[in-house]
Amino acid sequence: MTFDMNDVAPQQSGDLIPDGTFAKVTMSIRKGGTDGASEVDRGLLKPSNQPGSDVLMLDAEFTVAEGPHARRKFWQNFTVQGGKLDEQGQSIGWKISKSQFRAMIDSALGLNPEDMSEAAKAKRVLRGLADLDGITFVAKIQIEPNRNPAYKDANKLDHVVLPTAPEWQKVMAGETVPAQPSNKPRPAAAPVQPATPAWGQPQAAAAPAAPAWSSPATQPASQPAAEPAAPKATGGPAWLNP
């Protein structure tokens with residue numbers, strides 16, 4: 001038995017996709033084992049690994065679909081539930097993620113974000129977040145500096161490029177768009193303070209105990225782009241229909 005390695009793609013370097021790169025990307029969802037709110041989202045979500053956190057996330061893998069960085073990948077989590085709440089008690093992370101998901105749909109289908117016609121609104125309705133699996137849209141990719149110098153920086157989604165942006169038109173036409181770096185500075189690492197020897201530390205005086213009766217009880221653009229031909233009714237999202 002022999003193994004022919006000639007038809008295998010060459011090894012890719014570990015270099016990151018340049019900061020500010022515009023590219024068409026496809027998002028795949030990696031199931032995390034926790035059920036979402038919809039029937040089609042069974043086992044879809046990923047719980048946070050932070051102790052005591054109630055955050056549930058969508059674990060997404062992005063693959064560059066074409067161009068000089070084709071087949072390169074990066075990963076990102078999107079908060080779907082939990083975390084910090086706004087004044088109305090809604091998850092702030094979910095509101096941000098929902099805005100990004102809508103932008104992905106507009107970018108994938110060539111919808112103007114200001115188009116609120118019934119036809120456009122119908123295309124933005126999902127049976128569940130699982131419908132976003134396989135969506136292809138135009139993205140601007142960034143390099144996100146890691147706060148911990150022990151770990152490498154990583155590519156992340158800077159933002160979804162909408163059909164009203166000139167970069168969207170060029171990428172969809174197969175043109176190469178010059179990168180536009182975000183120039184985000186690396187977070188400054190906290191300085192390490194030398195430890196003071198025990199004999200050089202002042203001894204704090206013990207605080208007097210408060211009387212029992214004084215201790216209190218403890219008790220979240222331009223014109224609409226031309227819409228693609230209406231997809232066949234298959235019950236799934238428009239970008240997955242032939």
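Predicted model: local features only at pLDDT ≥ 70, side-chain atom pairs only at ≥ 80, totals over all residues.
Helices (H or I, at least four residues) and strands (E, at least two) are DSSP runs, numbered from the N terminus.

Residues are numbered from 1 along each chain as its sequence is written, and side-chain values use heavy atoms, with hydrogens and water left out.

Let me start with the whole chain. Buried residues make up 31% of its 242 residues, where buried means under 20% relative accessible area, exposed means over 50%, and partly exposed is in between, with a 1.4 Å probe and protein chains only. The chain exposes about 15800 Å², and carbon and sulfur atoms supply 55% of that area; accessible areas come from the Shrake-Rupley method with a 1.4 Å probe, and for residues only the protein chains shown count as cover.

Now to the inside. A nonpolar core is a set of buried Ala, Val, Leu, Ile, Met, Phe, Trp, Tyr and Cys residues joined through side-chain atoms within 4.5 Å. The largest such core has 31 residues, and those with the most contacts inside it are Met-27, Leu-58, Phe-62, Phe-78, Met-104, Leu-132 and Phe-137. Two or more residues of this core come from each of β1 (21–30), β3 (56–64), β4 (73–81), α1 (92–109), β5 and β6 (154–160). There is also a second, separate core of 7 residues, which includes Phe-22, Val-161, Ala-165 and Val-177.

What does Met-27 touch, once we leave aside its neighbours within four places in sequence? Taking contact to mean heavy atoms within 4.5 Å, the partners of Met-27 include Ala-60, Phe-62, Phe-78, Met-104, Leu-132, Ile-135 and Phe-137. Lys-24 has its place in strand β1, and at 16% relative accessibility Lys-24 counts as buried. Again leaving aside neighbours within four places in sequence, Lys-24 is in contact with several residues, among them Thr-63, Val-64, Thr-136, Phe-137, Val-171 and Met-172.

Let me turn to charged pairs. A salt bridge is a side-chain nitrogen of Lys or Arg within 4 Å of a carboxyl oxygen of Asp or Glu, and a search of the whole structure finds 11 of them. Arg-42 takes part in a salt bridge with Asp-35, where the closest N and O atoms are 3.9 Å apart, and in another with Glu-39, at 2.9 Å from N to O. Both Glu-39 and Arg-42 are exposed, whereas Asp-35, at 43% relative accessibility, counts as partly exposed.

Arg-124 forms a salt bridge with Asp-106, with the closest N and O atoms 2.8 Å apart. Arg-124 lies in the loop between α2 and β5 and Asp-106 in helix α1, so this pair ties together parts that are 18 residues apart in sequence. Are these two partners buried or exposed? Arg-124 is buried, with a relative accessible area of 14%, and Asp-106 counts as buried too, at 1%. Elsewhere, salt bridges that share partners join Arg-30, Lys-46 and Asp-59 into one network.

Asp-131 lies in the loop between α2 (118–123) and β5 (136–144) and is buried, with a relative accessible area of 4%. The side chain of Asp-131 makes a polar contact with that of Arg-127, at 2.6 Å; a polar contact is a pair of N or O atoms within 3.5 Å, where within protein one must be able to donate a hydrogen and the other to accept it, and residues adjacent in sequence count only if both atoms are side-chain atoms.

I will finish with some other places in the chain. Arg-71, in the loop between β3 and β4, has a phi near 75°, a positive value in a residue other than glycine, and Arg-71 counts as exposed at 53% relative accessibility. Thr-164 lies in the loop between β6 and α3 (166–172) and is partly exposed, at 27%. Thr-164 and Gly-110 are 54 residues apart in sequence and 8.9 Å apart in space, C-alpha to C-alpha. Finally, Met-1 lies in the segment before β1 and is exposed, with a relative accessible area of 90%.
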